[in-house]
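Please take the sequence and the model together, and follow the paragraphs below from one part of the chain to the next.

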Amino acid sequence: LEIGSRYFEDKRDYNLSAGQDGDLNAATLQKAEFDKVSSKVSLSYAMTDNSTLYFRVAEGFRSGGFNPGQTITYDAESLVAYELGGKASILDNQLQVEGNIYHSNYSEFQTFLLDLNLPSGFATLNAGEAEIKGVEWNIQWQAFDQLSLAFSGNVTEAEYTALHPGVPSVLVGDKLDSVPEYSFTTSADYT
């Protein structure tokens, strides 16, 4: 059993403009402070000398911030992540297998959105809530002394689950940007 907590504190300043002499303009100075206590609980069980099961619940945090050239700010994002997985070495440690399933719930999800009502037409905003869930694995096989093979990947579903009123260009159920649904890697190492 492992239990832990962290305290995050992030103080940020941003100035929209500076005077001709390079001095900061007090009228356009923006300040923000973000802090959070994030905790983690992890339980693992060694089934054998070469295999382990684990379950983990962890909180996460990402500071808010400023959109350059705009007065629009965004709040901190937080998440609660759940993971159930296992690891094993078999066949005299020639084959290592790892895998897990995961589910993460995001609050105040930060994303870069198109909004034609904004001066620049886009900004980082807090869209609302989102979830990311899936399965991932890694298999490594030492076929013989000079050759090792590996196959890893994940299958992920990532979508908006609730939106703040007035959030433009996305709908509940839309996929999150920059989160691939499928990812696979194979490799062979011959020495």
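A salt bridge is counted here when a side-chain nitrogen of Lys or Arg lies within 4 Å of a carboxyl oxygen of Asp or Glu. The model is a predicted one, and it holds six salt bridges by this criterion. Side chains of opposite charge can pair when their charged atoms come close. One of these pairs joins Glu83 to Arg56, whose closest N and O atoms are 3.1 Å apart. Arg56, its partner in the salt bridge, is partly exposed, with a relative accessible area of 28%.

A salt bridge also connects the side chains of Arg62 and Glu77, with an N to O distance of 3.0 Å. Arg62 lies in strand 3 and Glu77 in strand 6, so this pair ties together parts of the chain that are 15 residues apart in sequence. Glu77 counts as buried because its relative accessibility is 5%, whereas Arg62 is partly exposed at 41%. Elsewhere, the side chains of Arg12 and Asp10 meet in a salt bridge at 2.7 Å, N to O, and Arg12 is partly exposed, with a relative accessible area of 31%. Glu131, Lys133 and Glu157, in turn, are linked in a network of salt bridges.

From charged pairs we turn to the surface. Which residues form a nonpolar patch on the surface? The patch consists of Leu1, Ile3, Val41, Leu43, Phe55, Tyr82, Leu84, Ile101 and Val135, which together have about 860 Å² of accessible area. Strand 2, covering residues 29-48, and strand 6, covering residues 77-90, each supply at least two residues of the patch. Val135, another member of the patch, lies in strand 8, which spans residues 122-144. Val135 is partly exposed, with a relative accessible area of 33%, and it can belong to the patch because patch residues need over 30% relative accessible area.

Ile3, which is part of the nonpolar patch, is also found in the lining of the largest pocket. This pocket has a volume of about 190 Å³, and its lining is made up of Glu2, Ile3, Gly4, Ser5, Arg6, Phe8, Ser38, Ser39, Lys40, Ala58, Glu59 and Gly60. The elements that give two or more residues to this lining are strand 1 (2-15), strand 2 and strand 3 (51-62). Strand 1 provides the largest share, namely six residues. Sorted by class, the lining of the largest pocket has three nonpolar, five polar and four charged residues.

The loops deserve a separate look, beginning with the backbone. Most residues other than glycine have a negative phi, and most peptide bonds are trans. Asn93, although it is not a glycine, has a positive phi of about 65°. Asn93 is found in the loop between strand 6 and strand 7 (95-114), where it is partly exposed, with a relative accessible area of 44%. Ser178 likewise has a positive phi, near 65°, in a residue other than glycine. Ser178 lies in the loop between strand 9 (147-163) and strand 10 (182-190). Is Ser178 buried or exposed? With a relative accessible area of 75%, Ser178 is exposed, because exposed residues are those over 50%.

Asn50 sits in the loop between strand 2 and strand 3 and counts as partly exposed at 39% relative accessibility. Asn50 and Ser89 are 39 residues apart in sequence, and their C-alpha atoms are 5.2 Å apart in space. Pro119 lies in the loop between strand 7 and strand 8 and is exposed, with a relative accessible area of 72%. The C-alpha atoms of Pro119 and Gly69 are separated by 8.8 Å, while the two residues are 50 residues apart along the chain.

How values were computed:
Residues numbered from 1 in each chain as written. Predicted model: local features only at pLDDT ≥ 70, side-chain atom pairs only at ≥ 80, totals over all residues. Heavy atoms only, no water. Patch = residues over 30% accessible without salt bridge, like charges linked within 9 Å, V, L, I, M, F, W, Y side chains within 5 Å. Areas by Shrake-Rupley, 256 points an atom, 1.4 Å probe, with all protein chains shown as cover. Helix = DSSP H or I, 4+ residues; strand = E, 2+ residues; numbered from the N terminus. Buried < 20%, exposed > 50% of the residue type's maximum accessible area, 1.4 Å probe, protein only. 1 Å grid on protein atoms, 1.4 Å probe; cavity = no way out; pocket = protein on both sides within 12 Å on 5 of 7 lines; lining within 4 Å. Points joined across faces, edges and corners; volume = space filled by probe spheres on them. Nonpolar A, V, L, I, M, F, W, Y, C, P; charged D, E, K, R; others polar.
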